[in-house]
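Open the model in your viewer and keep the selection tool handy.

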Amino acid sequence: MDPKKPSEKNIAIIVDQVNKQFGKPSETTWWKNLLTNFNHKTKNGAANGNGAQNGNGAKNGADKSTANKLTKKKTVTAVDNVSFDIKAGEIFGVLGPNGSGKSTLIRILATLLLPDTGELTILGHDVVKNPMQVQEVINRVSVEASFFKKLSPMENLIYGARLYGIGGKSTQKKIEEILIRLGLEKRSIYSPMEEMSRGMQQKVAIARALLTRPKILLLDEPTTGLDPRSKREVQAVIREMNEEDGTTILLTTHDMQEADNLCNRVAIMDKGQVVAMDTPEQLKTLVPQTNGHAPSLEDVFMELTGRKLKEEHE
Ligand SMILES: Nc1ncnc2c1ncn2[C@@H]1O[C@H](COP(=O)(O)OP(=O)(O)OP(=O)(O)O)[C@@H](O)[C@H]1O
Ligand SMILES: [Mg+2]
């Protein structure tokens, strides 16, 4: 028996010394080389009906400099030796500046990316070795959620539910309930997704995740782009899921107030590393009071992730 198991009883997610780099030589993948060779061959413009343009805009075929740009990418350490445990039933927030590694970490946990090193388990399932078991217990909402844009929210959600083996008339009723609860008008539920604003589409993405009642919910900026009322509606649903279903939630956000209100504990990341981790209340004790005002989580964020402008340009 695994000696680690007894102490893992109330732990839902374990992230242990995880590292992830992008742009390593091994990631200069075969398809990029293929693309480079192809572009060389079509140097004088492959004016065929398929429009031989590459994704980098080299309309008439890439020259050597494009080839270099494609193959000599700078290595980025997106996640740098990150470790933390999330307790079952906890709402755990990950905060950090743009590019600090939050989404990369979520994508690794969601089995969409492989870590370079380190171990991750979700409800005892190894994320790398048993991705299928992990996928059964998680659901992820990201800012760039994808849908069949010509179909309505209802059709997209019915499709999503079927993938999880959920169907029948009651599902349709439930979908309607969730969408209305999230503030969507009834007529939007049956109109094509492409006619909806980004915020409304974000709500549909959240509804899709809630529908399957996952044990673990990975929310990557779930309220980004929502108006204040919609934000509150979504936050209320997140809290409800946690309190009523005991769903364990990992959440990233740039809204410090949201993290303060929702999260039991928060990890602050900077340049791929966790620079602080505690309850919002404890984190606030890390910075001094200013002008007699108690520090906010935003003050803590600024203090811990602060770097001089000069440093940023180096
Ligand atoms: N697929 C990728 N290929 C190359 N580099 C990547 C890739 N995905 C992320 N990165 C890089 O990894 C770093 C971390 O990115 P990540 O998206 O995890 O940050 P983030 O904390 O989620 O940022 P944001 O707050 O803007 O969403 C960044 O430097 C980013 O450019
Ligand atoms: Mg992100």
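Start by selecting ligand 1 together with the residues around it: Phe22, Gly23, Val76, Ala78, Gly96, Asn98, Gly99, Ser100, Gly101, Lys102, Ser103 and Thr104. A residue is near a molecule here if its C-beta atom, placed from the backbone, lies within 6 Å of it. You are looking at a predicted model, in which local features need pLDDT of at least 70 and side-chain atom pairs count only at pLDDT 80 or more, while totals for chains, interfaces and linings use all residues. Residues are numbered from 1 along each chain as its sequence is written, and chains are lettered from A and ligands numbered from 1 in the order in which they are written.

Which element gives the largest share of this shell? Helix 3 does, with three residues. Helices (H or I, at least four residues) and strands (E, at least two) are DSSP runs, numbered from the N terminus.

Next, select helix 9 and show Val234, Gln235, Ile238 and Met241, which are buried (20 or more other C-beta atoms within 10 Å of a residue's own, with C-beta atoms placed from the backbone). Look down the axis of helix 9: the buried residues fall within an arc of 120 degrees, taken from the directions from the axis to the C-beta atoms, so they line one face of the helix. On the other side, Pro228, Arg229, Glu243 and Glu244 are exposed (12 or fewer such atoms). Now follow glycine 246 after helix 9; its phi is positive, near 70 degrees.

For the last stop, select strand 9 (residues 265-270), where five of the six residues are buried. What does strand 9 pair with? Two strands pair if DSSP finds at least two bridges between them. Strand 3 (residues 91-95) runs parallel to strand 9, joined by four bridges, and phenylalanine 92 stands opposite arginine 265. Strand 10 (residues 273-278) runs antiparallel to strand 9, with five bridges; here valine 266 stands opposite aspartate 278. Finish at the hairpin of strand 9 and strand 10, which has two residues between the strands, and click on lysine 271, whose phi is positive, near 50 degrees.
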